[in-house]
Amino acid sequence: MKNKNKINIGTMKGFAVMILGLGLVFGFGPAARTATPSLQPVTSSGFQFTADAYGTYANVGHVIIAGKTAVSSLGACGIVSPPVHSENSVVSADASPLFTTGVIHTTADGTEPVAGTLQSMATADVLDASLLITLLGGVITADEVKAVSTTTHDNSGFHTSADGSVLANLVVAGVPITVLPPPNTDIPLLGFGHVMLNEQITNIRSTSASFTVNMIHVFITQANVLNIPIGAQIIVSHASSGLTSGVQGTLDGVAYGTQATIAHLVTSGPTAKVTMGCLGTNGALKTKSIAQVQVPPLFSVGEVVDTALGTVNSTSATGELTSTIQTVDVVSSLVTASLIKADAHASSTGGTLTFSDDGTMFVDLHVAGFPDINDDVPPNTRLSIAGLGTLWLHRTIHTANSIEVRMIEVIVTETNIYGIDIGTDIRVAVAEASVH
């Protein structure tokens, strides 16, 4: 919750902040045959740790006008096995007239500093910078702007703290602010809008806590001499931390029906794409579908149905993603099937990671020129197609934390009669699942 403490500083003639330091600027059917039943156990804390920090950022709604600088993070889904440390630095950041800065240094950590106490912590330190939002020559300056966000859990529950946060030598329109302003101190900026100093956003529930600190947060609500768009927001020194209990692991993954790319360029985007959230789907089946996809000569398919199903609790994290396609024709009948299903499973139980593609299947599979290929084609079957390139069937790709199933993949390496560009990668029925 936010509590606003208002300070009126008369007619503001401008706004700027300066900061200088060190860094660099800115299923169904028969079970399939492949599985990785278990990998080495990992130690889970039973908690999800999240933390992120950055030095500067500006946006107008969903439009980014100055990207986040020196980002440190524990990842989009956080971690469950501390200790983990991330840090980043930039020498300076310049997005005039929004801001210019010197050194920015950020950190993100998940630790157990004392037995029985878990801690997620993020810091963003901006030194000797100048935030140039100038109004009639007036200025706000600071020697250091540092945000610290700490979330802990011990025998007494969740706690949050901004201890260590700094606004050093802060001057607003010629008026020194000699002590750290109270949380959520709001100052009007005549001709611009307002600025929130030491902004703190706290959420504590029975099973989770999160805490965000933005040391300087500017809101542009008026037309202004610098032509900064109304609705713009500018943040200097952001740090956020969080903990969630009852988490054995975190999930990730994606499933889609068809896709074609050349290098990193998408020529036909993922169809009926479905993704897995970090904490699963609460046991509810998440589904996306499309009646048909026609991209000749690459592929022509009937109904595509993609699903995600995931559950995370204190003893296990289990996710499954599937892609099921009816009436498949790839590269002008080079590969055909009446049905294809990719099925990827990932789980962590007691710290043991397990992956499989049980449920993966072909029905009525045919490959032109290869009469021996049938529905029981072995995983990772690789065929050389003269005058085209490489065909993979039931391709499975394993990493330490994931399994990906690509039921049909064509990689074009030769000039061909179909007019498909060399370098094209065609994928049909893809499911990938991961657990951390």
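The model is predicted: local features need pLDDT of at least 70, side-chain atom pairs count only at pLDDT 80 or more, and totals for chains, interfaces and linings use all residues. Residues are numbered from 1 along each chain as its sequence is written, and side-chain values use heavy atoms, with hydrogens and water left out.

The protein has zero helices and 37 strands. Helices (H or I, at least four residues) and strands (E, at least two) are DSSP runs, numbered from the N terminus. Of its 436 residues, 53% count as buried. Buried means under 20% relative accessible area, exposed means over 50%, and partly exposed lies in between (1.4 Å probe, protein chains only).

**Surface**

- The protein exposes about 18200 Å², an area from the Shrake-Rupley method with a 1.4 Å probe, where for residues only the protein chains shown count as cover.
- Ala115 lies in the loop between strand S10 (104-114) and strand S11 (117-130). Ala115 is exposed because its relative accessible area is 74%.
- Ala115 and Asp154 are 39 residues apart along the chain, and their C-alpha atoms are separated by 9.1 Å.

**Disulfide**

- The count is one disulfide, defined as a pair of cysteine sulfur atoms within 2.5 Å.
- Cys77 and Cys278 form a disulfide, with their sulfur atoms 2.0 Å apart.
- The pair links distant parts of the chain, 201 residues apart. Cys77 is in the loop between strand S6 (72-73) and strand S7 (84-90), and Cys278 is in the loop between strand S24 (274-275) and strand S25 (286-290).
- The link of Cys77 and Cys278 is left-handed, with -80° about the S-S bond.
- Cys77 has a relative accessible area of 14% and therefore counts as buried.

**Strand pairing**

- Two strands pair if DSSP finds at least two bridges between them.
- Strands S12, S16 and S17 make an open sheet of three strands in the order S12-S16-S17, with antiparallel pairing.
- Strand S12 (140-141) and strand S17 (175-177) stand at the edges, each with a single partner strand, so one side of each has no neighbour in the sheet.
- Strand S16 (residues 170-172) pairs with S17 in the antiparallel sense over three bridges. The bridge partner of Val171 in S17 is Pro176.
- Strand S19 (residues 193-204) and S20 run antiparallel and are joined by eleven bridges. S19 and S20 form a hairpin with three residues between them, and Asn203 stands opposite Ser210 in S20.
- S20 also pairs with strand S21 (residues 232-245), in the antiparallel sense over eleven bridges. Ala209 stands opposite Leu243 in S21.
- Strand S20 (residues 208-220) is mostly covered, with twelve of its 13 residues buried.

**Salt bridges**

- Side chains of opposite charge can pair when their charged atoms come close.
- The count is six salt bridges, each a side-chain nitrogen of Lys or Arg within 4 Å of a carboxyl oxygen of Asp or Glu.
- Lys341 forms a salt bridge with Asp343, and the closest N and O atoms are 3.7 Å apart. Lys341 is buried because its relative accessible area is 2%, and Asp343 counts as buried at 1% relative accessibility.
- Glu409 and Arg395 meet through their side chains in a salt bridge (2.7 Å, N to O). The pair links distant parts of the chain: Glu409 is in strand S36 (residues 402-412) and Arg395 in strand S35 (residues 389-399), 14 residues apart.
- Glu409 has 0% relative accessibility and therefore counts as buried. Arg395, with a relative accessible area of 18%, is buried.
- Asp425 and Arg427 form a salt bridge between their side chains (3.4 Å, N to O), and both residues are buried.
- A network of salt bridges links Arg395, Glu404, Arg406, Glu409, Asp425 and Arg427.

**Surroundings of Thr381**

- Thr381 is in strand S34 (residues 381-385). Thr381 counts as buried because its relative accessibility is 13%.
- Thr381 touches Ile373, Leu391, Trp392 and Leu393, not counting residues up to four places away in sequence. Contact means heavy atoms within 4.5 Å.
- Thr381 and Ile408 are 27 residues apart along the chain, with their C-alpha atoms separated by 9.9 Å.
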